[in-house]
Amino acid sequence: MTDDAGVVTLGQDGVISKWTRNNQSHWQWAKLLDAGKEDSVCFAYQRDRIAVAFPRVGVKVWIWIKGTWQPQRSILRQNVTSIRFVEDGEALIGGTSDGVLWYCQVPNGTLRAYAFLKSKVLHLDVNLSGTHALVSQSGGRAHLVGIQRMDHKGKIEQVYATNGDSGGENKQGGGAVFANGCRLVLFGTTDSNMLVWDKAKGEIVCGYDHDGEQVQAVASFDKGSNVHIITGTKNGLLSWWRPFPTD
């Protein structure tokens, strides 16, 4: 949430919840809305907007208006597997199980296909300036794709491929994410090492060794000089890393 006020979650029951921290050790739960009983796949949240993707009905959108979450026109694109708000919440980008990267303004835009990447999209991340997306796919590949400038929309600018070492979805560390001022990319694992890539060159610069543990989640925190990388393993090991220097 904005200003680190808390986190927003999507439960298996379709309930969107808000968790805010009252003090260092206590979190307060509150229900935001019920997205529906049909199996939901993923969701996106930004300030006054929520979007939830469903396999058959597409992407449902809500906007906070006059004290309530009001439903908007749905995006009728099936088999969406990942979504992110862009342009300060004015649009969504999404990926599908058949490898399509799409864009649609919210709430009344027209869906446009940006790229056709052939294999299932597992995860999306967007850089701080909103110019590029990291698209993680099945088969151990992630693409850096332009999403803002007219001459770069849908253009693949770099590929991060693990050569089959991270082919399984459960070995990709939760999907590629930007790190260290968007100069690095965290993606894939090999021999329990979380791989760190040079974003521009598409080359591996180092690996974070987890001593035999299987990495299944990764996050990056950037605020001024306070830069950290956090990883979580299947067995519950949470690790805090300082990023590899890029100078």
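How many salt bridges does the structure hold? There are six. Before I go through some of them, note that this is a predicted model.

I'll start with Arg84 and Asp125. They form a salt bridge, with the closest N and O atoms 3.0 Å apart. This pair connects distant parts of the chain, since Arg84 sits in strand β8 and Asp125 in strand β12, 41 residues apart. Asp125 is buried at 11% relative accessible area, while Arg84, at 29%, is partly exposed.

Next, Asp98 and Arg77. Their closest N and O atoms are 3.7 Å apart. Again the pair links distant parts of the chain: Asp98 is in the loop between β9 and β10, Arg77 in the loop between β7 and β8, and 21 residues separate them. Asp98 is partly exposed, at 42%.

Then there is a network of salt bridges made up of Asp48, Arg49 and Glu90. Within that, Arg49 pairs with Asp48 at 3.4 Å between the closest N and O atoms. Arg49 is buried at 10%; Asp48 is partly exposed at 22%.

Now the largest pocket. Its volume is about 2,000 Å³, and 47 residues line it. Arg84 and Asp125 come up again here: they are among the residues nearest the pocket centre, together with Met1, Tyr45 and Ser220. Strands giving two or more residues to the lining include β1, β8, β12 and β20. By class, the lining has 25 nonpolar, 12 polar and 10 charged residues.

Last, the surface. Val7, Trp19, Trp27 and Trp29 make a nonpolar patch with about 400 Å² of accessible area together. Val7 belongs to strand β1 and is partly exposed, at 40%.

Technical notes
Residues numbered from 1 in each chain as written. Predicted model: local features only at pLDDT ≥ 70, side-chain atom pairs only at ≥ 80, totals over all residues. Heavy atoms only, no water. Patch = residues over 30% accessible without salt bridge, like charges linked within 9 Å, V, L, I, M, F, W, Y side chains within 5 Å. Areas by Shrake-Rupley, 256 points an atom, 1.4 Å probe, with all protein chains shown as cover. Salt bridge = Lys/Arg side-chain N within 4 Å of Asp/Glu carboxyl O. Helix = DSSP H or I, 4+ residues; strand = E, 2+ residues; numbered from the N terminus. Buried < 20%, exposed > 50% of the residue type's maximum accessible area, 1.4 Å probe, protein only. 1 Å grid on protein atoms, 1.4 Å probe; cavity = no way out; pocket = protein on both sides within 12 Å on 5 of 7 lines; lining within 4 Å. Points joined across faces, edges and corners; volume = space filled by probe spheres on them. Nonpolar A, V, L, I, M, F, W, Y, C, P; charged D, E, K, R; others polar.
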